[in-house]
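Please have your viewer ready.

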Amino acid sequence: MSIVFQIEARSGSARTGRLTTPHGEVETPVFMPVGTLASVKGVSQDILEELGVEILLGNTYHLYLRPGVEQVRKLGGLHRFMAWPRAILTDSGGFQVFSLNDLRKVTEEGVTFRSHLDGSSHFFSPESAMEAQIGLGADIIMAFDECTEYPADQARMRASMEMTARWAARSKKHFEEHKSEVPWNAASEIPTLAAKSAATMGHPPSLDPPLSGHACQTLFGIVQGGMDRALRKESAERTVEIGFPGYAIGGLSVGEPRELTREIVESTLEHLPVDKPRYLMGVGTPEEIVEYANLGVDMMDCVLPTRAARHGLLFTSEGKVSIKQARYAQDAGPLDPNCGCRVCRRYSRAYLRHLYASNEVLAQVLNTIHNLSFYLDTMRRVRHAISLGVESRFLASLWSRPKT
Ligand SMILES: [Zn+2]
């Protein structure tokens, strides 16, 4: 078994669904928090579970450099390593190679790049990116693609899109030949730390992933084509022709205007199969994730809620709050009166402002918990609206009012 995707309700182009993975079910449309180095910065796994996170994203580029794929594989894969029994998706490493490396060299074979940590030289190809992602053992893994920079001229966008299509075919071939090497099955012989301590305490083990039978990973294809609608259409058709159980739209949110992102997303979705999950990579603000879900996107990820939280920027039902501002120093009210998260239930704006101004580690922890809670709650509302057949577009207006 790999994944099963069932659509449950539709409203216009939007849909709700259920993605069944080897490590549990995911309700869609879903926002996936980013856990770059097998950690959502500042938030422990038990709190992520409490927030209702059903799937996390890990970055192959970062995990490949540190702690290394082989180390994670020997410890039973990412789920065991980070004690996370629910679903995980890893990216292919392509985006980071392109965004973090000025010294990269791209050939038909793959990309040579230097580590941003120590300057050492490394090489990623469709085959080695598959090998790394199989070793890490996420439920959903991504084909190796070239993220086209913005702006790019027509010839460059076409050449890049065509290479991504050839790399997608190589990714699939390597994955099909090696997918049985996923570390989960071997790992089931190794008792987890949680299972050991639970056995000692007389409780049944709770951390073991709900694997059944011969579970295997799922490989998604990625559509590129820059900001050109015709190239996006061709990329979608060529990727669908290779055939994947799910499709991602990559190469957006790379500096282009937001209206252009929306236009490309909307036109690309028309060329993707309606019965397969569609994943829009690397977006966006709360308003944007509502908008894209409304267009028919099923999966999204973004560093925005976690990164903004660490800089004191908080998303609330009343608009954005920059908690560092002196105006909050005497504010005894909750961060967001309409949020039921553990932070808003317990702490005042004055206290959160004090933590941030004092550079306390707890500021990052609490801010991140709230922002993630807000994003997950937003997606819950969107799913509810779609299931009722209500235009979820109106939800965006809830968060567009500036705080006065
Ligand atoms: Zn909150």
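What follows looks at the salt bridges and their surroundings.

This is a predicted model, in which local features need pLDDT of at least 70 and side-chain atom pairs count only at pLDDT 80 or more, while totals for chains, interfaces and linings use all residues. Residues are numbered from 1 along each chain as its sequence is written, and side-chain values use heavy atoms, leaving out hydrogens and water.

A search of the whole structure turns up 27 salt bridges (a side-chain nitrogen of Lys or Arg within 4 Å of a carboxyl oxygen of Asp or Glu).

| Pair | Closest N and O atoms |
|---|---|
| D298 and R15 | 2.8 Å |
| E318 and R349 | 3.9 Å |

D298 and R15 form a salt bridge that links distant parts of the chain, 283 residues apart: D298 is in the loop between helix 12 (286-295) and strand 14 (299-301), and R15 is in strand 2 (residues 14-21). Helices (H or I, at least four residues) and strands (E, at least two) are DSSP runs, numbered from the N terminus. D298 is buried at 0% relative accessibility, and R15 is buried at 2%. Buried means under 20% relative accessible area, exposed over 50%, and partly exposed in between (1.4 Å probe, protein chains only).

E237 and K233 both sit in helix 10 (residues 229-242), 4 residues apart, about one turn of the helix. E237 is partly exposed at 39%, as is K233 at 36%.

In the pair of E318 and R349, E318 is partly exposed at 24%, whereas R349 is buried at 6%.

Finally, a network of salt bridges links R258, R262, E266, E288 and E291.
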